[in-house]
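Here are my notes on this one, as promised. Have a look at the model before you read on.

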Amino acid sequence: MIKKLFIIICSLMFFIISCSGGNDSDKILVGVAMPTQSSERWINDAANMKANLEKLGYAVDIQFAEDDVQTQVSQIENFIAKGVKCLVVASVDSQALVNVLDQAKNNGIPVIAYDRLLMDTDSVSYYATFDNKGVGTKIAEYIVKAKNLETAKQENRSYTVEFFMGSPDDNNALFLYNGIMEVLQPYLDNGVLVCKTGRTSFQDTCILRWSQETAQQWAENYLSGYYNNQKLDIACSAFDGFAYGIRSALEASGYKVGEDWPLISGQDAELMAIKNIISGHQTMTIFKDTRILAEKCAAMVDAVLKGGEPEINDTTQYNNNVKVVPTYLCEPIAIDKNNYQSIIVDSGYYTEEQLQVN
Ligand code: BGC
């Protein structure tokens with residue numbers, strides 16, 4: 001009798017646990033494909049996506065492709081085979097996924113582009129990202145203000161500048177470049193900004209797969225080839241990773257913080273970048289709050305899976321060569337030593353302890 005009662009109680013408990021969502025196999029599975037773990041932002045994006053989707057009751061499978069296109073294709077194929085009901089993709093190469101995304105579409109799986117637009121396909125339903133052109137204009141506007149380029153124009157002064165732009169296979173990189181040039185091109189034209197290498201076009205300044213090593217190599221070559229008699233004043237860099245490479249090249253060339261260290265820009269507000277801003281080795285970065293992007297994207301997944309309409313605030317800018325993809329744009333914020341505390345620390349993105357410069 002006692003044994004029977006025990007079995008009934010155990011069965012009841014198992015039933016209650018199953019019903020309360022304790023068992024992942026009951027849940028709808030969402031596949032999240034991320035490009036790489038080599039840059040901190042994608043690790044944060046993945047963690048935030050997982051947390052937000054789980055909070056909404058989904059099971060989540062996250063894969064990182066380590067910047068290898070074929071790896072990402074296989075990971076998406078695996079997601080489809082596993083029976084995911086929705087795919088979220090931050091691509092390694094935005095043009096290389098056309099076939100595998102068609103497979104997803106043929107299996108009735110909606111696809112949401114995360115941060116990077118998926119190009120040349122109609123198998124993408126929505127896009128969640130930051131205002132990518134706005135990232136560029138904010139970097140450029142920062143440079144104009146920090147270097148007082150309007151005053152320099154009136155006083156016939158000039159500054160040297162070199163450009164380190166993003167990956168040619170990432171649609172964001174061109175948007176960012178266009179944002180930068182919309183603001184800085186007039187100063188290149190009127191001679192207030194002087195680019196001694198002459199490399200100002202997107203083709204000449206884009207760095208494949210956002211490689212820190214390439215940025216460092218370029219900076220070393222530029223400094224030794226063009227900047228022996230005149231210092232580099234501005235390194236207009238599109239990514240924190242580039243800023244680290246440029247820092248190494250400058251140190252090897254004998255530049256010193258507080259003396260002749262140039263203005264260096266970046267993007268992503270990585271922990272190391274904020275530390276470098278505090279120590280003066282980087283001037284600014286662009287904060288893209290991955291907590292907000294992940295929350296918006298997870299809400300999109302939820303709406304799509306429930307047959308609803310996700311929140312959209314841009315229906316014009318993101319044409320992927322096949323269609324204009326309905327998009328939610330989050331706001332990027334320029335960060336430097338004057339506002340990192342209020343925006344990054346006070347919002348709990350990083351703690352004071354994490355930012356201790358050793
Ligand atoms: C993202 C940037 C990031 C870059 C390199 C871009 O697609 O928008 O935030 O810095 O990739 O990872």
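1. The buried residues of α12 pack against β1 (29-34), α2, β3 (86-89), β4 (111-114), β5 (126-130) and β11 (327-330). Contact here requires C-beta atoms, placed from the backbone, to lie within 7 Å. Helices (H or I, at least four residues) and strands (E, at least two) are DSSP runs, numbered from the N terminus.

2. Before going further: this is a predicted model, so please keep in mind that local features need pLDDT of at least 70, side-chain atom pairs count only at pLDDT 80 or more, and totals for chains, interfaces and linings use all residues. Residues are numbered from 1 along each chain as its sequence is written.

3. Which residues of α12 are buried? They are T290, L293, A294, C297, A298, M300, V301 and D302. Buried takes 20 or more other C-beta atoms within 10 Å of the residue's own, exposed takes 12 or fewer, and partly exposed is in between, with C-beta atoms placed from the backbone.

4. α2 (residues 40-55) and α12 (residues 290-305) have axes that come within 8 Å and cross at roughly 45 degrees. That makes α2 oblique to α12, where oblique is whatever remains after under 35 degrees (roughly parallel), over 145 (roughly antiparallel) and 65 to 115 (roughly perpendicular). The axes are lines fitted to C-alpha atoms, for helices over the stretch in contact, with angles from 0 to 180 degrees between N-to-C directions.

5. On the α2 side, R41, N44, D45, N48, M49, N52 and L53 meet T290, R291, L293, A294, E295, C297, A298 and V301 of α12. Sorted by class, this contact has seven nonpolar, four polar and four charged residues. Nonpolar covers Ala, Val, Leu, Ile, Met, Phe, Trp, Tyr, Cys and Pro; charged covers Asp, Glu, Lys and Arg; the others, Gly among them, are polar.

6. Just after α12, G307 has a positive phi of about 75 degrees. Most residues other than glycine have a negative phi.

7. R209 belongs to the loop between α8 (202-205) and α9 (212-226), and is partly exposed, with 19 other C-beta atoms within 10 Å.

Conventions
Two residues are in contact if their C-beta atoms, placed from the backbone, lie within 7 Å.
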